[in-house]
Amino acid sequence: MSLVPVPTSAPAAGAVVSGPAAGPTPAELLDFVRGAAADRALIDSLPLDPEGRTWIRLEGPGGSEAWLIGWPPGTGTGWHDHGGSHGAFATAAGTLKEDSLAARLPTEGWKTLELAEDVDRERQLTAGEGRAFGRHHVHEVRNESGTAHAVSVHAYYPPLPLMRRYSRTGQVLRLEQVERPEEWQ
């Protein structure tokens, strides 16, 4: 497998490819991120910062967007979704914890939702483990280690048109921000 870091230029805002056969499936993205996570030369090429996450954009399969990400101890993403893209991620080093919601949220027209009691899911992903997810996946990912970095590979299709950021207090989820690719430069 040849993985090539690419410049961090973002796709055009709102760029969406229609049709289920237009790009890689979640299962194909999972195969890709697992293969990339097993590439020691690639993983070792990521500079690790003691305080902030670091990343390198990769060339994903079939027009997908892919990232190699380093997670210092105690860092995480906060609650977010992927703007309608499906995807996958795999841990290459360390352990990541994912909290997710087993519920399909409306994508528009709300600021605050009361979540049902049984929607929370939790998983630990150690080196070599990965997971695929659908277009409506809401989660947070974090490195809970107090001492060790984690490294992971993520892929999304279509390339992320936006990300919605949420805050959560108990069973209340609040939409806080919508980020566009041009903001991630």
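These are my notes from a first look through this predicted model.

**Ground rules.** Residues count from 1 along each chain as its sequence is written, and side-chain values use heavy atoms, with hydrogens and water left out. Since I'm working with a predicted model, local features need pLDDT of at least 70 and side-chain atom pairs count only at pLDDT 80 or more, while totals for chains, interfaces and linings use all residues.

**Overview.** I looked up the elements and found two helices and 12 strands; helices (H or I, at least four residues) and strands (E, at least two) are DSSP runs, numbered from the N terminus. Of the 185 residues in the chain, 46% are buried, meaning under 20% relative accessible area with a 1.4 Å probe, protein chains only.

**The sheet.** In what order do the strands of the five-stranded open sheet run? I read β1-β2-β10-β4-β8, with antiparallel pairing; two strands pair if DSSP finds at least two bridges between them. At the edges sit β1 (54-59) and β8 (130-133), each pairing on one side only. β4 (residues 86-93) and β8 share four bridges, and I noted Ala 90 with its partner in β8, Gly 130.

Helix α1 (residues 26-37) packs on this sheet and touches β1, β2, β4, β8 and β10, a contact being heavy atoms within 4.5 Å. The direction of α1 makes about 20 degrees with that of β4; axes are lines fitted to C-alpha atoms, for helices over the stretch in contact, and angles run from 0 to 180 degrees between N-to-C directions.

Next I checked for open space. The largest pocket has a volume of about 410 Å³. On a 1 Å grid over the protein atoms alone, a pocket is an open set of points with protein on both sides within 12 Å along at least five of seven lines, and a cavity is a set where a 1.4 Å probe fits but cannot get out; lining residues have an atom within 4 Å of a point. Volume is the space filled by probe spheres set on the points, which are joined across faces, edges and corners.

Which residues lie closest to the centre of the largest pocket? Out of 19 lining residues, they are Arg 53, Trp 67, Ile 69, Met 163 and Arg 165. β2 gives the largest share of the lining, four residues.

**The cavity.** My search of the whole structure turned up one cavity of 30 Å³ or more. The largest cavity has a volume of about 70 Å³, and its lining includes Asp 81, Leu 105, His 136 and Tyr 166.

Definitions and conventions
Buried means under 20% relative accessible area, exposed over 50%, partly exposed in between (1.4 Å probe, protein chains only).
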